Amino acid sequence: MIVETPTDLAESAGRLFLEAARIASAERGRFLTALSGGDTPRGMHRLLGQEPLRSQIPWHATHLYWGDERCVPFQSPKSNYGLAREDFLRYIDIPEDHVHPMPVGLEPEPAAAQYEEELPEVLDLLFLGIGRDGHTASLFPGQDALKEQKRRVLAVKGGDPRVMRLTLTLPAINRSRQVVFLVGGREKSMAVQTVLEDPQALLPAAHIRPAEGALSWILDKEAASRLTRISRV
Ligand code: 6PG
């Protein structure tokens with residue numbers, strides 16, 4: 001899906017979140033979703049904490065996870081959980097034990113092992129962003145983590161900021177029922193085109209192929225500006 005503006009991006013993602021929440025809670029009694037980090041999803045996150053979305057989402061049936069996290073204090077402006085708390089968690093009526101931040105208070109390796117225990121086998125909806133280098137979650141080009149076939153959460157180092165991070169692995173991501181890339185801005189247009197139109201480049205984001213689930217992209221016009229074949233999104 002290609003939308004005009006960043007506001008459209010946030011609104012489209014918010015509607016998709018609501019739809020997925022309604023379907024999952026109706027079919028399975030609960031909605032298991034993982035959020036991405038960085039700046040791109042913040043517009044959507046803010047909408048989740050405001051009317052009309054806030055009161056339509058079945059928060060009592062929803063469990064929130066994260067696709068990756070920086071090993072920094074939640075108070076840090078670099079914390080994905082900390083930003084989500086600022087943007088919407090503090091405004092919604094969700095049971096406390098339904099919010100599952102990655103345990104960054106532990107050393108990275110034990111934190112990854114603990115989160116692996118907490119993470120559901122199959123998520124209903126997982127959001128991803130993409131970096132200019134084609135990374136997604138905290139899976140960066142050339143990292144051994146891209147080769148992981150068994151572990152579902154790993155501790156890695158990389159990105160900007162270059163810190164220790166926790167990330168879902170490809171096996172964990174590709175088990176999801178629905179994976180949605182949310183991408184905005186011209187600075188991502190090259191990475192988007194490479195992932196969608198040059199599969200040989202095999203950027204980390206190109207490894208996202210849900211085994212049985214659905215993969216979709218919500219792009220603003222800027223991020224989609226280099227696409228020659230828009231049929232793929
Ligand atoms: C993170 C994210 C990461 C992000 C991309 C895009 O923790 O950094 O999960 O994968 O989605 O780096 O980040 P922006 O949205 O800030 O451009």
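Predicted model: local features only at pLDDT ≥ 70, side-chain atom pairs only at ≥ 80, totals over all residues.

Reader: Which side chain has an N or O atom 2.8 Å from an oxygen atom of the ligand?

Author: That of Arg70. The backbone takes part again at Gly37, where an N or O atom lies 3.2 Å from a ligand oxygen. As for cover, the ligand taken alone exposes 420 Å², and the protein buries 88% of that.

Reader: How many residues surround the ligand, and which are the closest?

Author: The ligand is surrounded by 14 residues, and the closest are Thr40, Asp68, His135, Ala137 and Lys188. By class, this shell has two nonpolar, seven polar and five charged residues.

Reader: Now the empty space. How is that read?

Author: A probe the size of a water molecule, rolled over the atoms, shows where empty space is left. Here the largest pocket holds about 690 Å³ of space, and the ligand sits in that pocket.

Reader: Which residues of the lining lie nearest the centre of the largest pocket?

Author: Gly38, Asp39, Arg70, His135 and Asp160, out of 30 lining residues. Two elements, β4 (68-70) and α4 (80-87), each give two or more residues to the lining. The lining divides into eight nonpolar, eleven polar and eleven charged residues.

Reader: What should I look for in the backbone angles?

Author: Most peptide bonds are trans, and most residues other than glycine have a negative phi.

Reader: Is the peptide bond from Asp160 to Pro161 cis or trans?

Author: The bond from Asp160 to Pro161 is cis, with omega near 10 degrees. Pro161 lies in the loop between β6 (153-158) and β7 (163-168). Another cis bond runs from Glu51 to Pro52, also with omega near 10 degrees. Pro52 is in the loop between α2 (42-48) and α3 (53-56).

Reader: Is phi of Ala137 positive or negative?

Author: Phi of Ala137 is positive, near 50 degrees. Ala137 belongs to the loop between β5 (125-128) and β6, and is among the residues closest to the ligand.

Definitions and conventions:
Residues numbered from 1 in each chain as written. Heavy atoms only, no water. Near = heavy atom within 4 Å. Polar contact = N/O pair within 3.5 Å; in protein donor to acceptor, adjacent residues only side chain to side chain. Areas by Shrake-Rupley, 256 points an atom, 1.4 Å probe, with all protein chains shown as cover. 1 Å grid on protein atoms, 1.4 Å probe; cavity = no way out; pocket = protein on both sides within 12 Å on 5 of 7 lines; lining within 4 Å. Sits in = over half its atoms within 2 Å of the grid points. Nonpolar A, V, L, I, M, F, W, Y, C, P; charged D, E, K, R; others polar. Points joined across faces, edges and corners; volume = space filled by probe spheres on them. Helix = DSSP H or I, 4+ residues; strand = E, 2+ residues; numbered from the N terminus.
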